[in-house]
Amino acid sequence: MSTEHDTTRGMVERWGLQESASFDRHTIHNIQRAAATGIYDIRGFGAKRHLPHFDDLLFLGASMSRYPLEGYREKCATDVVLGDRFASKPLHLDIPITIAGMSFGALSANAKEALGRGASAAGTSTTTGDGGMTDEERGQSRTLVYQYLPSRYGMNPDHLRMADAIEIVLGQGAKPGGGGMLMGQKISDRIAEMRTLPKGVDQRSACRHPDWTGPDDLAIKIEELREITDWEKPIYIKIGASRTYYDVKLAVKSGADVIVLDGMQGGTAATQEVFIEHVGIPTLAAIPQAVQALQEMDMHRKVQLIVSGGIRNGADVAKAMALGADAVSIGTAAMIALGCNHPRWESQYHEI
């Protein structure tokens with residue numbers, strides 16, 4: 001990068017020496033950056049602002065009135081069955097922790113292969129994401145969920161049949177109601193070919209499906225996907241947490257086997273920072289709405305609920321399930337485990 005660019009960037013980072021409650025240093029920097037460059041900030045990961053999260057909940061341990069279990073005496077299973085409402089071949093996973101959908105493009109083929117291997121070793125599933133199914137991911141994933149997205153990038157009916165479940169994506173927690181951005185530097189020859197896109201050009205994903213506009217159309221689409229896959233594959237519906245109570249009821253009415261609820265702490269490959277920080281509701285607030293909707297329809301545990309968005313460790317998993325989830329899905333945590341955001345890549349992050 002040029003010395004002139006480095007100097008300008010250094011000046012922008014030093015601007016904003018005075019601040020107030022409304023115009024703190026970060027806000028001032030963003031305004032000055034937009035004024036200097038003429039573009040809004042596009043970034044990945046999830047919300048940086050402090051939101052209600054699982055750390056705000058505590059478990060009540062056992063003592064006298066609730067006697068503790070001995071792990072080597074009493075049975076404590078971790079397996080879960082997903083998608084047994086209508087599908088003839090529901091998923092039976094060893095653990096209730098799945099790998100969330102992350103696109104081939106945002107992630108490399110090596111990363112997708114590694115996630116497939118890790119998920120298979122742990123006895124759980126991984127998910128394709130935008131951009132289609134890669135041979136590496138399908139080859140290494142014992143159980144693979146195929147995402148059916150608004151963009152239709154890389155969509156292949158044969159891959160629908162090769163998958164173990166299908167996840168219809170209506171929204172993401174980081175950007176409910178908004179499309180994403182795949183930066184041009186990520187679009188290699190292979191990705192361009194899979195997505196039928198020009199190489200090296202920024203591409204924005206659609207925010208809604210092109211061939212239907214509402215729950216009645218969704219029911220028809222679910223029926224179509226069931227017929228394509230001989231009614232074998234569970235059909236997931238993924239929603240970004242916003243109008244959760246109503247969205248869950250409509251998804252169940254449309255015929256979903258599984259609901260995937262993604263809170264606003266969920267990560268994204270790239271979208272506007274203002275969207276990431278100010279649209280949606282936190283995962284913790286969304287779960288009770290989803291559970292209430294399922295209970296009122298007498299569908300809680302009959303239609304399984306997978307929660308994603310900011311799940312970091314075993315405590316988060318246990319709390320989500322205590323609130324009524326059947327399983328959780330991790331994305332950002334899995335990427336970090338692979339080495340994403342590691343200090344050894346600091347110089348490369350500064351070049352982006």
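**Exercise 1.** In which loop does F86 lie, and is F86 buried, exposed or partly exposed?

*Solution.* The structure is a predicted model, and we begin by locating the residue along the chain. Step one: F86 sits in the loop that runs between β2 (80-82) and β3 (91-93). Step two: we recall that buried means under 20% relative accessible area and exposed over 50%, with partly exposed in between. Step three: because the relative accessibility of F86 is 38%, this residue counts as partly exposed. Step four: we turn to the surroundings of F86, where, leaving aside neighbours within four places in sequence, R226, W231, G255 and D257 are in contact with F86.

**Exercise 2.** Work out which residues of helix α8 (residues 244-254) are buried, and why they lie on the same side of α8.

*Solution.* Step one: the buried residues in α8 are T244, V248, A251, V252 and S254. Step two: because they cover an arc of only 160° around the axis, they are placed on the same side of α8. Step three: the general rule behind such patterns is that an α-helix has 3.6 residues a turn, so residues three or four places apart point the same way. Step four: Y246 and K253, on the other side of α8, are exposed. Step five: the partners of the buried residues of α8 are α7 (215-228), β10 (235-240), β11 (258-262) and α10 (283-296), against which they pack. Step six: after α8 comes G255, which has a positive phi, near 110°; G255 is also one of the residues in contact with F86.

**Exercise 3.** Describe the second largest pocket: how much space lies in it, and which element supplies the largest share of its lining?

*Solution.* Step one: the second largest pocket holds about 530 Å³ of space. Step two: 21 residues line this pocket, and the closest to its centre are L170, G171, W212, T213 and D247. Step three: at least two residues of the lining come from each of α7, β10 and α8, and α8 supplies the largest share, with four residues. Step four: sorted by class, the lining has 10 nonpolar, eight polar and three charged residues.

**Exercise 4.** Which residues does the UniProt annotation "domain: Glutamate synthase" cover?

*Solution.* Step one: according to the unreviewed UniProt entry, this annotation covers residues 87-342. Step two: in the model, that span is 37% helix and 18% strand, and its end C-alpha atoms lie 41 Å apart.

Technical notes: Residues are numbered from 1 along each chain as its sequence is written. This is a predicted model: local features need pLDDT of at least 70, side-chain atom pairs count only at pLDDT 80 or more; totals for chains, interfaces and linings use all residues. Side-chain values use heavy atoms; hydrogens and water are left out. Buried means under 20% relative accessible area, exposed over 50%, partly exposed in between (1.4 Å probe, protein chains only). The arc is that of the directions from the helix axis to the C-beta atoms. Contact means heavy atoms within 4.5 Å. UniProt positions are given in the numbering used here, feature names are shortened, and annotations may be inferred rather than shown by experiment. On a 1 Å grid over the protein atoms alone, a cavity is a set of points where a 1.4 Å probe fits but cannot get out, and a pocket is an open set with protein on both sides within 12 Å along at least five of seven lines; lining residues have an atom within 4 Å of a point. Grid points are joined across faces, edges and corners, and a volume is the space filled by probe spheres set on the points. Ala, Val, Leu, Ile, Met, Phe, Trp, Tyr, Cys and Pro count as nonpolar, Asp, Glu, Lys and Arg as charged, and the others, Gly among them, as polar.
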